[in-house]
Amino acid sequence: MLSTRFSNGESRASRAEKENPLPYRAPGSPGHSRQQFLSGKPIRYYRPKGSADIRHLIDEGFQAFNAGRLSEACAIFTEKMLDPKNDTTIGLTVAGAMTPAGLGGCVIEMMDRGLIDFVISTGANLYHDLHYALNFTLRRGSPFVDDRELYEDGVIRIYDVLFPADVLLQTDAYLRDFLVRSGLDEAISTADFHYRLGIDLLERFPGCEEHSVVARAARLGVPLYTSSPGDSSIGSRFMIDPNLDVNEVCAIVLAGKRNGCVILGGGSPKNFYLQAQPTLWEIYGIAKGGNDYFIQITTDQVVFGGLSGATPAEAVSWGKVNPGVLPDTVVAYCDSTVAFPLFCEYAVGAPNGRRQRKELVHKRAQLVAALTREAKAAQDKKLELKTEK
């Protein structure tokens, strides 16, 4: 096809592409512009500092109803789960658009301080985290804009978070390039993949670990799992073996002196974490006994019957939670974008607000080997008892 050239040698196609970087979309209609929609303040990763005022508010002001439950969650986490003598292995599960909302900074601070040992997230959260690593900008906006106009102008909306659609294209381009350079040609666990991805980010974009959960986790040795790799562009061009993820998470849980979780939202990350305990006794024949601590922040209700709203009491019937520890479980019915920063401020400022990091990403092989040995021993004992009968 012939292309008209302007006096500076630029083609009409090139100029059109600059004016409209998403040529498969309409160029927009009069009366609005991309600049208008993207004029809000940039969303930054907020890092909690351990505010004494917030600790005082939660201790003294959050006294009843869901404020009381959040206060209870803060107390269970800091006084029990973080108590050095309990040596609790703590998993954080993340559902909902937390990284686009700037909550990745809270996760980074908690990882830095050794307050969470591994993370299970939706694939989308880890994908959107890459925008920050690659220095793209997501902006505050309004949930009441006309989405038809956003579409015309090439703007993506996550409720009130707005950003150019080409951010997705450029993030996808980086991922495709990484996958080619990585030479991945075999099935791997999601923790292995995210560790390799994080190392690549650290090498190619020095300093990005200040703004990226994926990069920071690789530096600190924190495993990042996703229960849903196919729900983002990350999961589109390589092979994940979910059995590896299941084995690794079960091995981490088995190795823990005590086990506890902090659950944001619910969804598949919640179930993926909690299934480790019944998997140990159902599949491997190892009676671990269920989680010792359970904290959930969610807006989901138990009456609708979904997993996201299922209570820790219900989880007892599955062997997911130890029946003797229900006083050390709590559900706070709050929006995670409100409650989690408060929870993290409280934890960071607590006397137990720093622990030695476990760096579990480097211990996965030995932990899985220990799981294999214990499972074999349990199977041998079962066969021996059967033979005696």
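In what order do the six strands of the open sheet stand, and is their pairing parallel or antiparallel? The order is β6-β2-β1-β7-β8-β9, and the pairing is parallel.

Before selecting anything, note that this is a predicted model, in which local features need pLDDT of at least 70, side-chain atom pairs count only at pLDDT 80 or more, and totals for chains, interfaces and linings use all residues. Residues are numbered from 1 along each chain as its sequence is written, and side-chain values use heavy atoms, with hydrogens and water left out. Helices (H or I, at least four residues) and strands (E, at least two) are DSSP runs, numbered from the N terminus. Two strands pair if DSSP finds at least two bridges between them.

**Stop 1**

**Stop 1: helix α16**

Select residues 364-388, helix α16. The 25 residues of α16 should span 36 Å at 1.5 Å a residue, and the end C-alpha atoms are 36 Å apart, which agrees. The expected span is 1.5 Å times one less than the number of residues.

Which residues of α16 are buried? They are Arg 364, Leu 367, Leu 371 and Ala 375, where buried means under 20% relative accessible area, exposed over 50% and partly exposed in between (1.4 Å probe, protein chains only). These buried residues pack against α9 (190-204), β6, α11 and α13 (276-282).

With α11 still shown, the two helices pack at an angle of about 80 degrees, their axes 8 Å apart. α11 and α16 are therefore roughly perpendicular to each other; angles under 35 degrees count as roughly parallel, over 145 as roughly antiparallel, 65 to 115 as roughly perpendicular and the rest as oblique. Contact residues include Ala 251 and Leu 254 of α11 and Leu 367 and Leu 371 of α16.

**Stop 3**

Select 104-112 and 336-348. Helices α5 and α15 pack at about 25 degrees with axes 10 Å apart, which makes α5 roughly parallel to α15. Among the contact residues are Val 107 and Met 110 of α5 and Phe 340 and Phe 343 of α15.

Next, go to Ile 116, in the loop between α5 and β2. Ile 116 is buried, with a relative accessible area of 4%. Leaving aside residues up to four places away in sequence, Ile 116 touches Ile 90, Leu 92, Val 107, Met 110 and Met 111. The C-alpha atoms of Ile 116 and Val 222 are 8.4 Å apart, although 106 residues separate the two along the chain.

**Stop 2: the three-stranded sheet**

Finally, find the open sheet of three strands, ordered β3-β5-β4 with antiparallel pairing. β3 (139-140) and β4 (155-158) are at the edges with a single partner strand each, so one side of each has no neighbour in the sheet. Four bridges join β4 to β5 (residues 161-164), and Arg 157 has Leu 162 of β5 as its bridge partner. Helix α8 (residues 166-182) lies across β4 and β5, at about 65 degrees to β5.

Methods
Contact means heavy atoms within 4.5 Å. Axes are lines fitted to C-alpha atoms, for helices over the stretch in contact, and angles run from 0 to 180 degrees between N-to-C directions.
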